[in-house]
Number of protein chains: 2
Amino acid sequence: MSPAKVLIAQGGGPTAVINQSLVGAVLAARAFPNVQAVYGARHGVRGVLQEDFVDLTGEDINHLERVAATPASALGSTRDKPDTAYCLQMLEVIKAHGITHFFYIGGNDSSDTVRILMEQAACAGHPLAGMHIPKTIDNDLMGNDHTPGFPSAAKFVAQAFAGADLDNAALPGVYVAVVMGRHAGFLTAASALARQGVNDGPHLIYLPERVFDIDRFLADVKDVYARLGRCVVAVSEGIHDASGKSIIEQLAQRKGGAAERDAHGNVQLSGTGALADLLCEEIKSRLGIKRVRGDTFGYLQRSFLGCVSDVDAREARDVGAVALRLALKNGATGSVAIRRDAAVPGYVSEYSVQPLEAVAAKTRVMEDAFINAAGNDVTEAFVGYLQPLLGGNLPQAERLRGRPVTKKMKPQG
Amino acid sequence: MSPAKVLIAQGGGPTAVINQSLVGAVLAARAFPNVQAVYGARHGVRGVLQEDFVDLTGEDINHLERVAATPASALGSTRDKPDTAYCLQMLEVIKAHGITHFFYIGGNDSSDTVRILMEQAACAGHPLAGMHIPKTIDNDLMGNDHTPGFPSAAKFVAQAFAGADLDNAALPGVYVAVVMGRHAGFLTAASALARQGVNDGPHLIYLPERVFDIDRFLADVKDVYARLGRCVVAVSEGIHDASGKSIIEQLAQRKGGAAERDAHGNVQLSGTGALADLLCEEIKSRLGIKRVRGDTFGYLQRSFLGCVSDVDAREARDVGAVALRLALKNGATGSVAIRRDAAVPGYVSEYSVQPLEAVAAKTRVMEDAFINAAGNDVTEAFVGYLQPLLGGNLPQAERLRGRPVTKKMKPQG
C-alpha cells in the first residue's frame, strides 16, 4: 500500500455523538501501517481553506476516548457551503500537505462538498479519495434508515416531553414545546416516545411534512383540553401554511412585526422562542385558557451533556471507522449509510456506501406511513421504528396509583 | 401511642425529587404500628378542600419506589395560597376524616399554609400535628443550607451550559440562556459549574440579587466577544433595574408591547422565551454581532426525566422520612431543614426542625460572598458550596487537544 495522509473535518450543526465518528475515524486510520499522518481541520472546510490543522497521529488514546464521549464538534464546525472556487482553494491546501484521503462528517450539505471536491480533484489529476460520514439530528439524509446524532437528540426530546408531561399533569394547563427541524419532522415526532399510558402527552404533534392550519390546531387543543383538562403539544419549528410560508413569519406579521432572517434570507427558526410564544398567545386569546406555557428546546436538544443513546454512540463510532477502512483499503469514495436489516428479528443495523450524488444536497422527510391521517400525530409504525434506536438506558416514569378514599363531607352547593 | 392517621400533600412547582420526599414520608409513616392510614391529597391543599384523597396505606412498595424515581409531583400540585378561611375549610375535612398528622411538601408558601392551618387547629381545639417538608428548585428557603430539588435542577443547568458552551465553541457567536428564579439567583449561578477550563462558558452570569444595567451588560458581552470570538451568557429570568422593574417588562415596553401578567398581577417570567429574545435583539442591533442565539431552559430544568443528583435524591427521601418520624414520635411541628456540618471534612448534611415562622413566606437570596464584585459572575466560594450537591454522576466533557500542523501555503493578502 502506498503512503497515505488523512484529513478529517466536521461540518454543520453539532450532535451528541459526532465526536464518536471523529475518534472512530482517527483510530481506524491509525491502524493502517501506511498512514503517515492523521490531521483534523479546525471548523470544517474553513479550516482546510485557512490551513488550520491539528495533528492527531500520535494523540493519546485515553484523551481521544474522553473526547468521543463529549457532545459538539470537537474540531469546531462551520456553516460554509463551498462552491467550486472554494473547493479549488481547498484542493491547493490539500495538495500542499500531500493529503491523500479526505473525510467530512456532516449532513447533506457536507456530502455535497465532498462531491464537488472529488470532482475538482479528478479534473486536476490529483489522486484524492474522499468519504462523507453521515451526521445530523434532523435524520434527513437520503438512503439511510437513520443518521448518527438523531437517536440521541430523539432521546433528549422523549425525556424532555416525558418530564414536561408529568409537570403538566401536576399543574394542569396547555404546554407547547417547539422542537428543531426545518423540513423533516423526525425529531418532533420523537416526542411520541415520551408516552407510556393512554392519556400521556404529547397529545398533539405537528410536523413540517403537513400543512399547518391555525384554526384546526386551536380546535385540536380545545378538544384535548375539554377531555383531559390539560394538553401537551409538540410543534416542529418548521411548520408552515399551504403556500409554504412559515407560521412564525405569519404570526409575527399578524402582530405587525417581522420574523428574523439569516444571511441566506431564511427565516431564523432556532435560537428564538418566538414561535412557542406566538402559539401560546393564540391559545390564550382565542380559547380563553389561562395557564398556557411555551418552551423551545433550542440548543439543548443537540448539545446537552449527558444524554446519549448507547446505540447511537456505537453506530456513530462505526460509521467513522467504516468510512476510513473502505477508503484506505478499497479506495472507495462515497457516503456511508446505515441500513436496518428487516429480515432479522430485533434491531440489527449494517453499513454500506452509497454514491455521493444520492445524498448530496437532498432532503429526506418523514414517510407517510409515519404520520396519522389527521396530520396531528405519528403512527405506531413510527414508534416501532424509533424505539430500538433510543438504546438501553432510557429512564422510565411511573404515575402514582392509589385507591380513592370515600368522601365524608356533605356535597356542597 | 394513640392511633394516628396521616395526610400528605405536595404544593408549588414540581421538582425532579419531590416524589422521593413523598415516598420517604409514606414508608416512614407505615413503619409506625399506630398509623392506621396514610392518605395523599390530590393537587395539594386544593385536594384537601375537595376531599380528593388516595389511600397509600397498603400501596405496593415496588410501585412506590418507581414513583420516587419519577420527576414532578405524583400527587398533583396547586398554586393556591390558602388564607384563614381556606384553612378553616381544610380543617373541617381533616376533622371529618380523623386526620391527626398533616405534611406539606413545598416551598415557603407551603410552609405558610402549614403555619396557618396549625394555628386554626389549635384555636379549634383539634389535635393536629403538622410538618413542612422543604422543596424548591429556587433554593430560597431560610435556615437551609440548600433545599431538595435545587441540586438536581442545578445539575441540569450545569449539564445544559456545558453542552451549550461546547456547541458555541464549535459554531462561535453569542449565546444567551435564561434560567428560572424570580428573586433568588442560585439556579442561574449553577451554570458556573459547567466550566472546566479557563475560557469555558458561561463567561457572564447575571443574577436577580444585583441590579441589571443593559448598557453594562452589552459592554461585558462586547469585551468577552472581542477576547474569545464568542460569548456564553447565563441570565436569571428575574433580572430587574434599580427600581425593581423587571427587564422583560422594560424591554417589551420599549418595543411598544407589554409583558404577560399572571392572575396575581406578576409579570409572567416562565413559559415564555421573550426575555432571551429581547436580549438577543439588543446584542444584534447595538453590538452588530451576527450570530446571536437565545434559549430559555423553561420547564425542562425542573422536570427533565433522567437528570437527578444522587445526593439530592437521598436527601429528599430523608427529609420526608425525618418529618414523619419527628412528628409521629415526638409530636413535633415545624419545618425540616438541611444543614451542612462545616466541622467535618468533605460534605456531610444533617437534618433539624425549625419553627414554621422562620421559613413561612420568607425568601432567601444569594449571599454576597457568592457573587463577584462586578456583579456579572459567581465566586469560588459558590462553586465550592454547590459542587458536592451535584452528586457523583456528573458527566465530564473533554476538549480536543492536538499539536497544530505547520502551515505550508504562502500567506495570502
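A: In this predicted model, the contact between the two chains involves 64 residues of chain A and 65 residues of chain B. The largest contribution to the side of chain A that touches chain B comes from helix α6 (residues 150-170) of chain A, which supplies eight residues. By class, the side of chain A that touches chain B consists of 30 nonpolar, 18 polar and 16 charged residues.

The arrangement of the two copies can be described next.

Strand β3 (residues 53-55) of chain A pairs with strand β12 (residues 403-404) of chain B in the antiparallel sense, over two bridges. Within this pairing, A:Val54 has B:Pro404 of β12(B) as its bridge partner.

Chain A itself may now be considered. Its domain assignment gives domain 1 (4-136 + 308-359) and domain 2 (150-305 + 367-390). A distance of 33 Å separates the C-alpha centres of domain 1 of chain A and domain 2 of chain A. Contact between them involves 13 residues of domain 1 of chain A and eleven residues of domain 2 of chain A. On the side of domain 1 of chain A that touches domain 2 of chain A, eight residues are nonpolar, four are polar and one is charged.

One helix of chain A, α12 (residues 310-330), has 21 residues. From its first C-alpha to its last, α12(A) reaches 29 Å, close to the 30 Å expected at 1.5 Å a residue. Of the 21 residues of α12(A), 16 are buried, and the helix is thus mostly covered. Just after α12(A) comes A:Gly331, with a positive phi of about 65 degrees.

A:Thr363 belongs to the loop between α13 (356-359) and α14 (380-386) of chain A. A:Thr363 counts as partly exposed because it has 13 C-beta neighbours inside 10 Å. Leaving aside residues up to four places away in sequence, A:Thr363 touches A:Asn108, A:Asp140, A:His183 and A:Ala184. From A:Thr363 to A:Ala41 the separation is 322 residues in sequence and 26 Å in space, C-alpha to C-alpha.

In chain B, strand β10 (residues 334-340) is mostly covered, with five of its seven residues buried. Strand β5 (residues 129-134) of chain B is joined to β10(B) by two bridges, and these strands run parallel. In β10(B), B:Ser335 is the residue opposite B:His132. Strand β11 (residues 349-354) of chain B is joined to β10(B) by six bridges, and here the strands run antiparallel. The bridge partner of B:Arg340 in β11(B) is B:Ser349.

How values were computed
Residues numbered from 1 in each chain as written. Chains lettered and ligands numbered in written order. Predicted model: local features only at pLDDT ≥ 70, side-chain atom pairs only at ≥ 80, totals over all residues. Domains from an automatic or database assignment. Contact = placed C-beta atoms within 7 Å. Nonpolar A, V, L, I, M, F, W, Y, C, P; charged D, E, K, R; others polar. Helix = DSSP H or I, 4+ residues; strand = E, 2+ residues; numbered from the N terminus. Pairing = 2+ DSSP bridges. Buried ≥ 20, exposed ≤ 12 C-beta atoms within 10 Å, placed from the backbone. Expected span 1.5 Å × (residues − 1).
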